[in-house]
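User: Can you walk me through the sheets in this one and what packs on them?

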Amino acid sequence: FRAWAMASLWLGLFSISYLWLLRIKSKVRYFLFILCAALFTVFVLMWTVNVGILYFSGLNLTPAAVLHAGGSTRVMFNKTTLVFSLFGLTSLVLFVGLKKLFFHYHKSLPHRYWQVYHWAIIFVSLFSIISLSSFRTAPEFAIIKSFYQYLAGKSTPTTLSPVIQQKLKRFGINYNYDEFYLAHKESIFPTSSPALLPAQLQEKPNVIIIFLESFSSRLTSVYNQKQVPNSTPGLEAMANNPNTTIFKKYYNGSTPTVTGLIAQMCSFLPPTGHEEIEKENRLRNHHLLCLPKILEQNGWQYTNYITAVEKDYANKDTIFESMGTDEVYGTEELRNIIKAEPLAWGFSDHQLFPALEKIISEKKQPYLAVLSTVDTHPPFTIAKDMINYGDGKNNVLNSVHTTDDAFQIFWEKFISSEQAKNTIVIAVADHAIFPTAITKDYFPDVAGKLNFYDETTFLMYIPNNILPKEVDRYSSSVDFTPTLLHVLGINTANAFDGHSIFSDREQYPNLIGMHEFGLYINEKTESTRTTSYTVPSQINCTVQDYTNDPKDPLTLCEFLDFYQWKRKIFEEGRFWEIEQNKK
C-alpha cells in the first residue's frame, strides 16, 4: 500500500503537468513537466540511497547521516546500494525507451483520449493518497518530514548533557560525541600488554561458550557453598581444575536472555526491550561488531549458536545471524541430531550437551560453539528429567542442580578428551535470575530485596592456563567479549561499550545495566558503594534529579536521559563498526 500510494502520487503529478501542457500554448507549458521531472530525478537519487540503507538496516536517510557525511557514507553507500543503483539505471534506460514509444502513440491519437486517461489517473491518485493512511507511514514521507522538521528548527536535537557525558566516563562509557561512529576505538587493549595465552597453546584454540540460563552466582556452590552446598558439583569440578579461572564481582549488563546475549557477545548495552526487538526489524539486524564475526575475520573456521527452543523465538536466529554466526540450531534443526522427544521447553540440557558434542565433532577447527541451557528458565519445572536438590522442595535449586548435572557429564568427557588440549571452555550466566525466584528458605537475608541485576557465574578453562586462579574485579557482561579477545590476542578496531577485565576495566570500578526491566547503577563513592535501580517507565524527573557537578554520583534521571539518547543514536546506526580491521 505504501508503494501504491507513492506511485499514485508521482503518476498524478505527471498527469497534472501533462494536462497543463495540453492547455497552455506558450513555452510556459513545459514548466510543470520539467519541474516534476527534476523533482522525480532528485527523488530517485535519494530513494536509491535510502533503499540500500533500508535493505541493509531498516533505517531511513536522516539529517544526522548527512551532517556526519564522513561516517555516513559507509552507511549509505554499500554493496546493496550499488545493486539498487544498477537496477535504477537499467529502469531509467527502459523508461526512456518506453517514453519514446509513448510519444509515438500520443501523436497518433486524439488529445481527448489522453485527457480522459490522465483525468482517470489523477482521480485514482487522489483517492489513493487520501484514503490510504499508509502514505503517511511511507519512508519517503518520513524522510521529507524529518528534513523539514530539522531545517525548520522543529526537531529536537539528539544531544546528551556534557555533565552526564563526564559522569559516564567513570563507568567506562567513553564516546566520541562529535563523530558519526561515536563508539569507534582503534584497539581493545594496549599493544604493550603481555600475552594471556600460554606459549604451549600455539595454534588458535577452539572456543566453547556455555550460557547458563539465569545463573546468579549465589545459586552455585562454587561461589556460595555455605548456603547451597553441593548445588553445582559439575561447575565445582571445572572451578577446581588448575587451568580454570574464576571471575568474581561479574554482573549482568542486561536481561533477559536476548538482550543479555547481545550485551555479552557484542559488548553493547542495549537501549531496547524484549518486546521492542520482537516488533521492530531494525533492532534485530543490529549490525554491531560481535564475537562471531571477529573470530571469523581472524581465522576461525566455523561459528554456531544452539538453543533448545525454536530458533526464531525472540528472533534469536536473526540476531545471531546479524552477529555473523554461520549456523543457528533450534528445536527443528536439533531433531536431526537428537533422536528423541524434547524433555523440556524444547530439548532439555541433558539432551543438548550430547548434541553439542556431535555438532562440533564434525566441524572444522578452530571453531566457536555457543550453547544456551534451558532447564533453569522460569517456572523452573519444565524439564521432565529433573534431578532434585536436597529434599527437592525448592524448584529453582532443583533446576540449577539439573543443568549442572548435564554440564558435569559433558565436562568429564571433555576434560579427558584430546580437545581439552586446544579448547577454551567458558561457563557463564546469560543474566542474573529474576528476583522473585530467590526465596527465604535458602536466602533469608536477600529475599525480596534483589532486582534484575546481580553477580553472576563466570568460569574460564584454558589449557595450560597462565591467568590468575581468581579475578576479583568489578565488571559486567559487556566486558565479556573484550576480555575473551584480549585472552586470544585479537586487538581489533571496535565499538564496544565494555573493556577487557585484564586491562582497562581496572580503571572503571563502576557498573551500569539497562533494559526495559530496569536501569541499574552500581557506583563506588568516596566512602562506600551504592546501588540504584528502577524501571524506566516509572521515572518522573524534576530539576532536582540532576546535578551540575560531574563529580557527583550519576542519578537515575541522568541515566534515563542516557538510555533514551542511546536509543535514538542506535536507530541512526551510529554504533555500527563497518570496517572491522584486523590487528
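Analyst: Some ground rules to begin with: helices (H or I, at least four residues) and strands (E, at least two) are DSSP runs, numbered from the N terminus. Contact means heavy atoms within 4.5 Å. Axes are lines fitted to C-alpha atoms, for helices over the stretch in contact, and angles run from 0 to 180 degrees between N-to-C directions. Two strands pair if DSSP finds at least two bridges between them. This is a predicted model, where local features need pLDDT of at least 70 and side-chain atom pairs count only at pLDDT 80 or more, while totals for chains, interfaces and linings use all residues. Residues are numbered from 1 along each chain as its sequence is written, and side-chain values use heavy atoms, with hydrogens and water left out.

User: Which residue in β5 is the bridge partner of Ile 208?

Analyst: β1 (residues 206-212) and β5 (residues 367-372) run parallel, joined by five bridges. Across from Ile 208, the partner in β5 is Ala 369.

User: Is Asn 241 buried or exposed?

Analyst: Asn 241 sits in the loop between α9 (233-240) and β2. Leaving out residues up to four places away in sequence, Asn 241 touches Trp 411, Ile 415, Tyr 461 and Lys 469. Buried means under 20% relative accessible area, exposed over 50%, partly exposed in between (1.4 Å probe, protein chains only). Asn 241 has 15% relative accessibility, so the label is buried.

User: Which residue in β10 stands opposite Met 514?

Analyst: The open sheet of three strands is antiparallel, in the order β9-β10-β11. β9 and β10 (residues 518-524) are joined by five bridges. Opposite Met 514 stands Leu 519.

User: Which helix packs on that sheet, touching β9, β10 and β11?

Analyst: Its direction makes about 55° with that of β9, and it covers residues 556-571. That's helix α19.
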